[in-house]
Structures are given as structure tokens and as C-alpha cells.
Amino acid sequence: MTGIRALFTPLERHDYLLAVLLLACLVSPALASIFGAADIHFTDAMSVYLHALIGEQPKDVPYLDSRILLELRLPRILLAFVCGAGLALAGWALQLVTRNPLADPYLFGISSGASLGAIVVMSLGSLLGGGFMALADGISLPLGAFAGASASVLLVLALSGFGLQSQVERMLLSGVAISFLFGALGSLLLYFSSPQVTASLLFWTLGSFARASWDLLWLPWTIFGVFIGFLWVLRRQLLALSAGDETAHGLGVPVAKLRTISLLMCSLMTAVLVASCGGIGFVGLMIPHTVRLMFPGRQSLMIVVLMGGLFMMWVDVLARSLLPTQELPVGVITAVIGSGFFLLLLLRRKGT
């Protein structure tokens, strides 16, 4: 059967999609900025962003609209992009080092561990006085989330054993068990918290970009830059690891060390994102899986990053646009989309 896919070689399709995604990344921030309580036109958004690049205030756009775009909506869009890109990249790395297409930060227990650590910090902040948001704005919340995520990784490694083959086979099951355990502990803390704190924490654990600000962006973007640099430098060793532990050993790859460092880097990336915008699932599972379906046998790191960022950017648009009077949790929307994605995938395989 011929068709659009048959007109291009896999390499040409890869380059074509990469160019389309790069163009979408340039246009989408302005398009996503027009959605919200204040009605702002696309041309006004483009004018504000272009003038901001040269440090000027556009004369044809009201000052209030300009402040809304630059101080509220643009930081939110940038946080959504780095969240989607970071989670997709973490899922991509986990699926490589575990050789399991179902591995991701959510199912692997990293997200639940980071959420538990962040909930502990926020609950302690509320007990100590001054409200938990004052403590969350500092470095304590990311550190708490990273401590929880690291504890999850260490427990998974301890439960999965240190043998080459048994470690890979038992790692995902251990991650699921740890995910349920830490999720239960987080729910227990929510149960014993005050109603006001519980309501705020519950919405935060479901995922939200409402706290986005320029002061909050530096940490997730810095860790994301370190993370993507780490994966880019070690991409050949990671690809060798995905071919099997014995093969990687034969090529001189330190399997246990590389897997442990990769898991800790994924936990760091996930922890910072959870601390910034709460728990959001299925992104690290769905985006790398989609890229593999589009390009069998290829591991396109940049397409995973761009698709993950654009996906989360537009999920956030849905979250603040579907209901006129309130904002939906981002994690709920990603769970619905992710569930539908895998149901369609299951039906497709059943049909073949």
C-alpha cells in the first residue's frame, strides 16, 4: 500500500517532522497565549513578544494585556513546555535503561516518591507557621521532592536485585509496588492535614501550572539543560544498554553504574518538575512510545523533547479553557488522554 508515509524514507520523515515541530515551537507560545480569562488577539500576542525581544513596549497593545502576556501567560507556557519535555525525556531514558516500553517516571515510582517528599515538606511548612507556600517558594520543596524520588529509586534497586537479568525483569514490578506504597503514604498525610491544606495539596498533587512565575522557571530549565546534556553525551552507551546487559558489557559499558546514575538523573529531573507543578502522569509513557511507533528502530531524542513540550503546552490550554469558571488539574487531562491512547493501541493490535 502506498500513501503519504510511503512517499518519504524514514530519515526524510524524521527531518520533516523535526522541522515541523521546531516551527510549531515558535508559533505555539503566541497561539496558546490567546486562551484565558482575558481576551487577547494572536496579533497582539505576537507584537508583545517580538517587542519584548528588543526591550520595547508595543504602542498598539494595551499595557494591561502586555503585562498579562509577559508576567502570567508566558511563564506558564514555558513551565508547561519544560515539564512536558522533561517528563518525556525521563520516560525515554527509563525505557532505554530498563528495556521496557512501559517504564516511565509515574509507573516507576519516581513521581510518587517525589510527590511524597514534597507533601512532607509542604505539610511541615504549614505546621511550622507562615503557610506552606512560603516554604514551597524556596529550595526546600525541590530538595524534599528529590529526597523522595531518590528514596524510591534506591528501594526499587534494592528490591530488584543486582543481577544483570533479574534486575531488569523485576525493576518495573518493584517500581509499581513502590509507587502504590508512596502514594498511600501521601494520601495518609493528606488525610491528617487540615481541610485548607488538604484542598491545596490535593489540587497540587494532580498537577497545575498556576504557580508559574519567572522566579520559578530557572530551576526546572537549568536541571533540564543538565539532563539533556547528560543523555546526549552518553546516548551511545544508553543505546548499547538497551541492546542487553551482556552486549553492553562486551562493548565496555559499566552497566550497573550507568543504570544507577541514569535512574538518579531521571529522579532529579522528575523531582524538580513535581516540585514545580505537581504530579503529572502518562507523559513519559506516551510520548516516547508514539515516537517509536513513528520511527521504528530509531531513538530520536530531539523529537521526544519537542513533542513532549508541545503536548503539555496544549494540555495546559485545555486545562484553563474547557470550563469557563475554573481550571482543571493537568494530571486529570493527561490521564484521560493516556488511557485513550493505550486503548486505541490495544484495539489496533487486536485488529491485526
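**View 1. Cysteines in the predicted model, with 0 disulfides**. A disulfide is a pair of cysteine sulfur atoms within 2.5 Å. C83 takes part in no disulfide, and the nearest cysteine sulfur, belonging to C277, lies 3.5 Å away. C83 is buried at 1% relative accessibility, and C25 is buried with a relative accessible area of 18% (buried: under 20% relative accessible area; exposed: over 50%; partly exposed in between; 1.4 Å probe, protein chains only).

This is a predicted model in which local features need pLDDT of at least 70 and side-chain atom pairs count only at pLDDT 80 or more, while totals for chains, interfaces and linings use all residues. Residues are numbered from 1 along each chain as its sequence is written, and side-chain values use heavy atoms, with hydrogens and water left out.

View 2. F224 is buried, at 7% relative accessible area. Apart from neighbours within four places in sequence, F224 is in contact with V82, A85, G86, L89, M269 and V305 (contact: heavy atoms within 4.5 Å). The C-alpha atoms of F224 and L273 are separated by 9.4 Å, with the two residues 49 apart along the chain.

**View 3. Contact of α10 with α12**. The axes of α10 (residues 235–242) and α12 (residues 255–277) come within 11 Å and cross at roughly 110° (axes: lines fitted to C-alpha atoms, for helices over the stretch in contact; angles run from 0 to 180 degrees between N-to-C directions). Q237, L238 and L241 of α10 meet V255, L258, R259 and S262 of α12.

How values were computed. Helix = DSSP H or I, 4+ residues; strand = E, 2+ residues; numbered from the N terminus.
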